[in-house]
Amino acid sequence: MAVSAEKGRRRREVTSYSDWMSQLPPELHSIPLFHLAIPGSHDSMSYDLDINSSIVEPDRLKRLSKIYCEDTITKQLDAGVRYFDLRIARKPGDTNPTRLYFYHGLCTRTDVETLLKVINDWAVRHPREILILDLSNFKGFDKKIEGRLHSHLINFIKTLFGAKLFLKWNIPTLEKCWNQGKNVIVSYDYPPAQQAGLWSKITYFYGQSMDPTRVESRLRQALERPGSIHSFSVCGLNLTLPEDVRILKYILRLCDNLVNVIQRSLPRLQQWVKEQAGKTPVNIIASDLVTRNGFVSMVVQLNISKHVKA
């Protein structure tokens, strides 16, 4: 029996995380994507912040500590990340009436349309990898121009991704996506967007603390609450900076900054989520520094481990 189990594990081993979905066991191809463990990045565009841009959140110092926390989107995709936390903003005074950027305290250097084209090109090269883009926040969308900005961005998304878009009318599975030639799912946190078939806001569970013990406790409570099995959800392993003067503790230290604090917390949080996944369903698991510490392989392996046990 032990030899048979070992052979089964070898047959299900993922050898390339740039195409890990296509390497999952056939038995997982027909289950809803809501039931797969999917690696995701929190603050996905934090590597691209423009330190010369207008400050979107002037009351916070978070912007100083998030710069260069992640690798580029292309490197994240190649590493196996399949969910992206993309927060949208319009730069004050921009002379282009429809140009938008991403933001995490500061706006990015790269505009939204340019980055989405990069993602689209990657999706074309990897047709069996399903990408989940979570667009939210929409800072600087003044009431007078809000409708026009949303309409422009939604139309751009539908035109760019075209037939690759898997719309909200059906339950997505790997098999269904592959058979239909669709590998991009867009969540858009603006109710009228659902009329265009884009997915509604994805629930994101936060630990709301810099203390891994508190993060684990709050996430456990969230995951153990009854919820819909017909929608995406995110378990966020990311630490959350305090809103008060305590934030200085993490952004002013030269030798032990936020990135180092996150790096130290990841092994513990990853071990916790591996144990928790055996007790409660988990779907998207997001973190900072997603290309490090074996994060992607840990999340992907949850699917294979569950299947072997079953």
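**View 1. Lys 279 in its loop, in a predicted model.** Lys 279 is found in the loop between α9 (258-276) and β9 (284-287), where helices (H or I, at least four residues) and strands (E, at least two) are DSSP runs numbered from the N terminus. At 64% relative accessibility, Lys 279 counts as exposed; buried means under 20% relative accessible area, exposed over 50%, and partly exposed in between, with a 1.4 Å probe and protein chains only. Lys 279 and Leu 223 are separated by 56 residues in sequence, and their C-alpha atoms are 9.5 Å apart in space. This is a predicted model, in which local features need pLDDT of at least 70 and side-chain atom pairs count only at pLDDT 80 or more, while totals for chains, interfaces and linings use all residues. Residues are numbered from 1 along each chain as its sequence is written, and side-chain values use heavy atoms, with hydrogens and water left out.

**View 2. The protein chain as a whole.** The protein chain holds 10 helices and 9 strands, and 53% of its 310 residues count as buried. Among the contacts with a separation of 6 or more, 75% come from residues 24 or more positions apart, a contact being heavy atoms within 4.5 Å. The accessible surface comes to about 14500 Å², of which carbon and sulfur atoms contribute 51%; these areas come from the Shrake-Rupley method with a 1.4 Å probe, and for residues only the protein chains shown count as cover.

View 3. Strand β2 (residues 83-89) is mostly covered, since 7 of its 7 residues are buried. In a regular strand the side chains alternate between the two faces of the sheet. Here Tyr 83, Asp 85, Arg 87 and Ala 89 point one way from β2, whereas Phe 84, Leu 86 and Ile 88 point the other way, and all are buried. Strands count as paired if DSSP finds at least two bridges between them. β1 and β2 pair in the parallel sense over 2 bridges, with Phe 84 in β2 as the bridge partner of Ser 41. Strand β5 (residues 131-139) also runs parallel to β2 and is joined to it by 6 bridges, and Leu 86 has Leu 135 in β5 as its bridge partner. Strand β3 (residues 101-104), by contrast, runs antiparallel to β2 and is joined to it by 2 bridges, with Ile 88 standing opposite Phe 102.

**View 4. The hairpin of β3 and β4.** Strand β3 is joined by 3 bridges to strand β4 (residues 106-111), and the two run antiparallel. The bridge partner of His 104 is Leu 106 in β4. β3 and β4 form a hairpin with 1 residue between them, and Gly 105 in the turn has a positive phi of about 85 degrees.

**View 5. Aromatic pairs.** A search of the whole structure finds 7 aromatic pairs, counted for rings of Phe, Tyr and Trp (its six-membered ring) whose centres lie within 6.5 Å, with planes under 30 degrees apart taken as stacked, over 60 as edge-to-face and the rest as tilted. The rings of Phe 34 and Phe 232 have their centres 4.8 Å apart and their planes at 85 degrees, so this pair is edge-to-face. Because Phe 34 lies in the loop between α1 (2-11) and β1 (38-41) and Phe 232 in the loop between α7 (212-224) and β8 (233-236), the pair ties together parts that are 198 residues apart in sequence. Phe 34 is buried, with a relative accessible area of 5%, and Phe 232 is buried with a relative accessible area of 5%. Tyr 204 and Tyr 206 form a stacked pair, with 4.2 Å from centre to centre and 20 degrees between the planes; Tyr 204 is buried at 14%, while Tyr 206, at 29% relative accessibility, counts as partly exposed. Ring pairs also link Phe 138, Phe 141, Tyr 188 and Tyr 190 into a cluster.

**View 6. Leu 133 and the nonpolar core.** The largest nonpolar core has 89 residues, of which Leu 116, Leu 133, Leu 135 and Tyr 188 touch the most other members; such a core is a set of buried Ala, Val, Leu, Ile, Met, Phe, Trp, Tyr and Cys residues joined through side-chain atoms within 4.5 Å. Leaving out residues up to four places away in sequence, Leu 133 touches several residues, among them Phe 84, Leu 86, Leu 116 and Val 186.
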